[in-house]
There are 2 protein chains.
Amino acid sequence: MLSTCLGVIFVKQALPDILSFFPFWKELNREQQADLLLHGQLRKFQKCDMIIPYEDQCLGLVLVRSGQLRAFVLSDSGKEVTLYRLYELDICLFSASCIMSNIQFTIQIEVEKDTSVLLVPSTLYDRLMQQSIAVANYTIQLMASRFSDVMWALEQVLFKSMDCRLAQVLLEHAAREGTNELSLTHEAIARDLGSAREVVTRMLKYFREEGLVELTRGRIQLMDQKRLQTIANR
Amino acid sequence: MLSTCLGVIFVKQALPDILSFFPFWKELNREQQADLLLHGQLRKFQKCDMIIPYEDQCLGLVLVRSGQLRAFVLSDSGKEVTLYRLYELDICLFSASCIMSNIQFTIQIEVEKDTSVLLVPSTLYDRLMQQSIAVANYTIQLMASRFSDVMWALEQVLFKSMDCRLAQVLLEHAAREGTNELSLTHEAIARDLGSAREVVTRMLKYFREEGLVELTRGRIQLMDQKRLQTIANR
């Protein structure tokens, strides 16, 4: 069984394992589970494919099995701003945004690395959301999570001070200790900056994505002092 | 019965009418309705009061009966950016954000005009969301709506071209027709700009809030040509 437009659909046997990654799976009744088994699809996307927009269709809820997706906004003049990225086991809600009538914006989502996903078609997801409190509440948490991502991006754009301050702190520590391998907890940095640990963790992850640092248990390795210095000098 | 900190709590008799403004009211069972009647509170806030943060408490879901609230983000350095405003019958979800564990951001909400609200305490709202599919799905739509507001603000900040282009179009029409009273549909403007009608409507409402235009059926009255010109020249 082949999809004409979305790459190979895998054998159905693999589905039950994957479906259990949805926290609501166990809360569904047998009929709803059967529905998901019947209509859920394993699909592959290639680097540079678009998940949104997708051929004028509302694709559905997408659970990333492997690979990497990037959500961004695009201006009329072609300017792009990255909002968040999705990795293994992350779930892409906005590819099913057609089922939420109050969503009046367009996020674009592109495939950054070859990606395989579990796809729950929009109509099915909509039905489950109307039938199951577990699915509806899961959707609320999912949207809250993406909302947080976007607010973070917004605050970066608006205020852009944290990245600069974090880069400064990292470089100061490195200079002080004469090493690129800092044993620093996120909590300690947050205290330094008078900020919240979550904010620091988030910014460090962003630095990692940008190739500026590597993060391992209790340690932060500076990978690109020169670019960190540029950020610190902003 | 008086609240020590949140102004007068009205007589309970007024509650049923107000509660019916929640689209999910009719979907609740009698027990849930009784719960809302018992714990729902009518409260008043004064201009400049804060709804978020509110004395380190998670206030609850707030339905605006009259007045005006403003949601904004605030940088460490004190810079403010308005995200959206709430008017009569609008609902403030983030004053109950503590019940959504994935919300990791802080919006501030202040009272711009004396405001009376119906307050559904967080614990009660949380319980209803866990019990009622109607409440959960309503919450999804509510969050989608606020998400759209924030995305709109983000795009304004990022790309900032629509306001400029809209101001230009309005001034051109006014110059062309020799009047400040334009009979122009939002659709027509959208076509002019190669944009969506919704985007134009939204920007016009923003202009109205800023005192730049008045909107009546099929007509747009320019109230401040000078400021519109400044925007057009950006």
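Q: In this predicted model, over which ring does the charged end of A:Arg146 sit, and how far is it from the ring centre?
A: The model is predicted. A charge sits over a ring if CZ of Arg is within 6 Å of the ring centre and within 35 degrees of the ring normal. The charged end of A:Arg146 is placed in this way over A:Tyr84, and its distance from the ring centre is 5.4 Å.

Q: Is A:Arg146 buried or exposed?
A: A:Arg146 belongs to helix H4 of chain A. Buried means under 20% relative accessible area. A:Arg146 has a relative accessible area of 6%, so this residue is buried.

Q: Which residue of chain B is in contact with A:Arg146?
A: Neighbours within four places in sequence are left aside here. The contacts of A:Arg146 in chain A include A:Tyr84, A:Leu86 and A:Asp90. A:Ile91 and A:Phe94 are also among them. From chain B, the contact listed is B:Phe147.

Q: Where does B:Phe147 lie, and what is its relative accessibility?
A: B:Phe147 is part of helix H4 of chain B. The limit for a buried residue is under 20% relative accessible area. B:Phe147 counts as buried because its relative accessibility is 0%.

Q: Which residues of chain A are in contact with B:Phe147?
A: The list leaves aside neighbours within four places in sequence.

Q: How far apart in space are B:Phe147 and B:Leu83, C-alpha to C-alpha?
A: In sequence, B:Phe147 and B:Leu83 are 64 residues apart. Their C-alpha to C-alpha distance in space is 10.0 Å.

Q: How many aromatic pairs are there over all chains?
A: Rings of Phe, Tyr and Trp pair if their centres lie within 6.5 Å. Over all chains, the count of aromatic pairs is 15.

Q: What kind of aromatic pair do A:Phe94 and B:Phe147 form?
A: The ring centres of A:Phe94 and B:Phe147 are 5.1 Å apart, with 90 degrees between the planes. Planes over 60 degrees apart count as edge-to-face. The pair of A:Phe94 and B:Phe147 is therefore edge-to-face.

Q: Why does the pair of A:Phe94 and B:Phe147 join two chains?
A: A:Phe94 lies in the loop between strand S5 (91-92) and strand S6 (108-121) of chain A. B:Phe147 lies in helix H4 (residues 133-159) of chain B, so the pair joins two chains. Both A:Phe94 and B:Phe147 are buried.

Q: What are the centre to centre distance and the plane angle for A:Phe147 and B:Phe94?
A: This pair also crosses between chains, with A:Phe147 in helix H4 of chain A and B:Phe94 in the loop between strand S5 and strand S6 of chain B. A:Phe147 is buried at a relative accessible area of 0%, and B:Phe94 is buried at 4%. The pair is edge-to-face, with values of 5.1 Å and 90 degrees.

Q: Which residues do ring pairs link into a cluster with A:Phe94?
A: The cluster draws on both chains. With A:Phe94, its members from chain A are A:Phe105 and A:Phe147. From chain B, they are B:Phe94, B:Phe105 and B:Phe147.

Q: What rotation superposes chain A on chain B?
A: The superposition has an RMSD of 0.1 Å and a shift of 0.1 Å along the axis. The two copies are thus related as by a two-fold rotation axis. Of the contact residues of chain A, 100% recur in chain B, and the same surface serves both copies. The rotation is 180 degrees.

Q: Which residues have the most contacts inside the largest nonpolar core?
A: The largest nonpolar core has 118 residues. One of its members, B:Phe22, touches residues including B:Leu61, B:Ile91 and B:Tyr138. The residues with the most contacts inside the core are A:Phe22, A:Tyr125, B:Phe22 and B:Tyr125.

Q: In what order do the three strands of the open sheet in chain A run?
A: Two bridges join S7(A) to strand S9 (residues 219-222), and four join S8(A) to S9(A). The edge strands are S7 (181-182) and S8 (213-216), each pairing on one side only. The pairing is antiparallel, and the order is S7-S9-S8.

Methods: Residues are numbered from 1 along each chain as its sequence is written. Chains are lettered from A and ligands numbered from 1 in the order in which they are written. This is a predicted model: local features need pLDDT of at least 70, side-chain atom pairs count only at pLDDT 80 or more; totals for chains, interfaces and linings use all residues. Side-chain values use heavy atoms; hydrogens and water are left out. Rings of Phe, Tyr and Trp (its six-membered ring) pair if their centres lie within 6.5 Å; planes under 30 degrees apart count as stacked, over 60 as edge-to-face and the rest as tilted. Buried means under 20% relative accessible area, exposed over 50%, partly exposed in between (1.4 Å probe, protein chains only). A nonpolar core is a set of buried Ala, Val, Leu, Ile, Met, Phe, Trp, Tyr and Cys residues joined through side-chain atoms within 4.5 Å. Contact means heavy atoms within 4.5 Å. Two strands pair if DSSP finds at least two bridges between them. Copies are superposed by least squares on the C-alpha atoms of residues with pLDDT of at least 70 in both.
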